[in-house]
Amino acid sequence: MPYRCGSYHVIEKTAISAGVYSYAILCPEVAVDARPGQFVHIKVEGFTLRRPVSICDIDHKNGSIRIVFEIRGHGTAKLADANVGDNIDMIAPLGNGFTLPDGIAPDRRVITVGGGIGVAPLLGAAKAFRENATAILGFRSYDKIILANDFKQSDVHVITCTDDGSVGLKGTVTTPLEAELAKNDTDMVYACGPQPMLAAIVRICEKAGVKCEVSLEQRMGCGVGACAVCACGITRQDKEYMLMVCKDGPVFKGEEVLL
Amino acid sequence: MMKRDLTVTVAGVKFPNPVIAASGVYGFGEYYTDLYPLNLLGGISCKGLTLNKRNGNTPPRVAETPAGMLNSVGLQNPGVDTFINTNLPRLKKDGNVIIANIAGDTPEDYAEIAKRLSETDVDMLEVNISCPNVKKGGAAWGISTEGAALVTKTVRAVTKKPLMVKLTPNVTDVTEIAKAAESEGADAISLINTLLGMRIDIRTKRPVLHRNVGGLSGPAVFPVALRMVWQVAGAVKIDVVGMGGINSAEDAVEMMYAGAKAVQIGTAIISDPLAPLKIIGGIEHYMDVNRIRRITEITGKVEPW
Ligand SMILES: Cc1cc2nc3c(=O)[nH]c(=O)nc-3n(C[C@H](O)[C@H](O)[C@H](O)COP(=O)(O)OP(=O)(O)OC[C@H]3O[C@@H](n4cnc5c(N)ncnc54)[C@H](O)[C@@H]3O)c2cc1C
Ligand SMILES: Cc1cc2nc3c(=O)[nH]c(=O)nc-3n(C[C@H](O)[C@H](O)[C@H](O)COP(=O)(O)O)c2cc1C
Ligand code: FES
């Protein structure tokens, strides 16, 4: 799939919780090829390295994509200064995206499991399955909850968990995941979030015999596969490979990642 | 309108323009063909090749720095044979001058790689005695005149390909190393490779790079690179290719005034994949404004105080 490098207009900006922003970016030439799980690589003025941010949702009708990001350091803080009408310089769409098989029978289901900001890339994936998808969303506390309504509006069945129990189930995403998998009607699990959470999800899926895909993070340079800085160890057919998260990922099969 | 001439000749090899993608940021060109044809660049210096495939260092391998970055890739590459069989044919078809950047643990490794490449139609070899990210070889050969001389001599003995030796800035006197390579038969010198640096994450007390230290590149190193290119150009008779922090056409022109016949663009491509094209366009503009017909006219034409 071809990628583009250009400047695109922000057409909508919302603060969706403290320090978390949602941008809609008008980029028809990007949107037409973009798939859930891919990312955009954003040039922030004054920084040498671009910032990778997942594509949260794609509006094919409008020719726009949506990104949702959290302020983590200086780069994302600067990115959050952009307003409607400003331009965002990005390389997009990049990476492989989630495998979204068209052959899922109507009585089979998928589960998306996201922790914190990691729920963002899963919205597009869950929307592809609508009521056949269950989204398990984990946050630290009620004030950190993001995107739950967006999942619900797409008829996705939502299970919210918070570490402190302030909303939804108390505890981590793994308990509801095990419960859902026990129903024995899940085809595929898609996951994104902190590394320990992903490791736990991979173990649980393995035990349940359900395929799972995880979206990984790594510090990046070029974002397109050329500079070899974003490596991660991957096992395929008992052989170990150093693959590039930007090009070969960011989505990998659960059983092949060394978490 | 005057007709501009951007062609340059380095080590006897003719480049249609003086802008070359630097080794390590451009893979084998394959990831940039989505954006533009590779033949818009004067040349491409390919990712550093070793005798056998290498997986490189444990990640994280990159850290941001003020006006730059650190990397600790450690020469991850598919090995020279895979390059020859799969990457080179396409590169020769799609690109202009193709430069193979080579690295080894021992002088014999360098020679073996050079021998295999001699039988191909690669245009030039860039002998990397300056990689700071590997335990053995790499920069270990580039920090002494004896090491630089030995590797250059050993490679020269087995190949007729134009030979460019790439130097590290992590030395006390870079001109001595350049002269050592020249005296053993190098046709050109390229510099600089990265400066050894470090960053620490103060929340975790750990270095950001898993290898703890890595190579600094990007705009931050430009003045150091310019100074070294100027010194080396004054010390050797062979051609000099300048790089290190070039981020604009103005930087590239400065580098040529300092004595570079051509320039390589590294980190600027990571920041902006279109950087080399913008730099070529900017050089053309500079020539037009200043009524310079041949770009070679400016090489080394700095007027020091
Ligand atoms: C494929 C991918 C998708 C992502 N999607 C999202 C998303 O949808 N929403 C979101 O909020 N965040 C996302 N991230 C994380 C986001 O890239 C980082 O939070 C951001 O780069 C931090 O930049 P900073 O300048 O604020 O932080 P700093 O810590 O100042 O950044 C310093 C350097 O480290 C890098 N870095 C720091 N943290 C990370 C990280 N977690 N992953 C990769 N690089 C990092 C930065 O890019 C920069 O080069 C994604 C990361 C990847 C790899
Ligand atoms: C990610 C990365 C990988 C590199 N790999 C190589 C390499 O394989 N061989 C080499 O000779 N130089 C390598 N370099 C060094 C560059 O070619 C160049 O000398 C250096 O980065 C300075 O130029 P710049 O500031 O324009 O990047 C690498 C640099 C970077 C940033
Ligand atoms: S960021 Fe350059 S290869 Fe992945």
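Predicted model: local features only at pLDDT ≥ 70, side-chain atom pairs only at ≥ 80, totals over all residues.

Residues are numbered from 1 along each chain as its sequence is written, chains are lettered from A in the order in which they are written, and side-chain values use heavy atoms, with hydrogens and water left out.

**Exercise 1. Describe how chain A and chain B meet**.

Step 1: count the residues. With contact taken as heavy atoms within 4.5 Å, chain A brings 28 residues and chain B brings 31 residues.

Step 2: get the area. The size of an interface is often given as the accessible area lost when the parts come together. Here the two chains bury about 2400 Å² between them, 59% of it on carbon and sulfur atoms (buried area is the accessible area, 1.4 Å probe, that two parts lose on being put together, summed over both). On the chain A side, A:Tyr3, A:Thr48 and A:Met242 lose the most area to chain B, together 26% of what that side buries.

Step 3: look for charges. A salt bridge needs a side-chain nitrogen of Lys or Arg within 4 Å of a carboxyl oxygen of Asp or Glu, and the count between the two chains is one. A:Arg51 forms a salt bridge with B:Glu64, with 2.7 Å between the closest N and O atoms.

**Exercise 2. How many disulfides does the structure hold, and where is the nearest cysteine sulfur to A:Cys205?**

Step 1: apply the rule. A disulfide is a pair of cysteine sulfur atoms within 2.5 Å, and over all chains there are zero.

Step 2: check the cysteine. For A:Cys205, the nearest cysteine sulfur belongs to A:Cys212 and is 4.2 Å away.

Step 3: check accessibility. A:Cys205 counts as buried, at 1% relative accessibility (buried means under 20% relative accessible area, exposed over 50%, partly exposed in between; 1.4 Å probe, protein chains only). A:Cys227 is buried too, with a relative accessible area of 4%.

**Exercise 3. Is A:Arg66 buried or exposed, and what does it touch?**

Step 1: read the accessibility. A:Arg66 has a relative accessible area of 17%, so it is buried.

Step 2: list neighbors. Not counting residues up to four places away in sequence, A:Arg66 touches several residues, including A:Tyr23, A:Cys56, A:Leu123 and A:Asp150.
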